[in-house]
Amino acid sequence: MASRIHVHARLKRGLLGVLPLLLAFLLGAAPALAADSWSLNDRAGHRLSAQVFEQPFPEYPSGLRIRLTALDAKTTLDHSADLVLSDSMGQEWSLPNRSEEIVPRDGSAVPPRTAQFDLEALMPRPSEALPLHLEVPSSQGVLDFNLRPEQVMELHVMESVQRRSDQT
């Protein structure tokens, strides 16, 4: 009886040890349709939050977007300039500004501290092995941010989302 309990306890511990690895594998293999917010900090002390998501409003083209929000009240983001990403090998991407998509087409003002960009223009996808640099247009000039490796990986593995019109 004691050996049966001992075997049962070892089996439970083994399953509990494998479970986190299985969850990490399954979560890592899923496409990046909605990310937790990222925190971006530059050397000058500017802070932004960033979120990757699928455009939810049917009146705008579907696809992945990245929304940036300045976390201090002094910084406003440019609603007309593109977001520029570059890697250490000289590859550069210019993501169109889609800040007008933040609010419905009712004439509401776009929040001054928030800007949104079209991630569908991030083609070819950046390498997961190279650092990525963001140049964010703002009232303080161009803000420079280096992405952390896990953020680069998320942009590398994201897939184009299925268009809403294809889902019907």
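Student: What should I know about the model itself?
Tutor: This is a predicted model, in which local features need pLDDT of at least 70 and side-chain atom pairs count only at pLDDT 80 or more, while totals for chains, interfaces and linings use all residues. Residues are numbered from 1 along each chain as its sequence is written, and side-chain values use heavy atoms, with hydrogens and water left out.

Student: How many helices and strands does the protein chain have?
Tutor: The protein chain has two helices and eight strands, in the sequence pattern α-β-β-β-β-β-β-β-β-α.

Student: Is strand 6 buried or exposed?
Tutor: Five of the five residues of strand 6 are buried, so the strand is largely enclosed by the rest of the structure. Buried means under 20% relative accessible area, exposed over 50%, and partly exposed in between (1.4 Å probe, protein chains only). Thr114, Gln116 and Asp118 point one way from strand 6, while Ala115 and Phe117 point the other way.

Student: What does strand 6 face across the pairing with strand 3?
Tutor: Strand 3 and strand 6 pair in the antiparallel sense over five bridges. Leucine 68 stands opposite alanine 115, and arginine 65 stands opposite aspartate 118.

Student: Which residues touch the most other members of the largest nonpolar core?
Tutor: Ile66, Leu68 and Leu155 do, among the 27 residues of that core. Strand 3 (residues 64–70) gives the most to this core, with four residues. A nonpolar core is a set of buried Ala, Val, Leu, Ile, Met, Phe, Trp, Tyr and Cys residues joined through side-chain atoms within 4.5 Å. Leucine 68 touches residues including Leu40, Leu77, Ala115, Phe117 and Val136, with residues up to four places away in sequence not counted.

Student: Changing topic, where is histidine 46 found?
Tutor: Histidine 46 is in the loop between strand 1 (38–41) and strand 2 (47–54). Histidine 46 counts as buried because its relative accessibility is 16%. Beyond four places in sequence, histidine 46 touches Leu40, Asn41, Thr75, Gln140, Leu143 and Phe145.

Student: And what about the sheet with strand 5?
Tutor: An open sheet of four strands has the order 5-4-7-8, with antiparallel pairing. Strand 5 (92–95) and strand 8 (141–146) stand at its edges, each with a single partner strand, so one side of each lacks a neighbour in the sheet. Here the twist averages 20 degrees from one strand to the next. Strand 4 (residues 83–87) and strand 7 (residues 132–138) run antiparallel and are joined by four bridges; valine 84 stands opposite glutamate 135 in strand 7.

How values were computed:
Contact means heavy atoms within 4.5 Å. Two strands pair if DSSP finds at least two bridges between them. Axes are lines fitted to C-alpha atoms, for helices over the stretch in contact, and angles run from 0 to 180 degrees between N-to-C directions.
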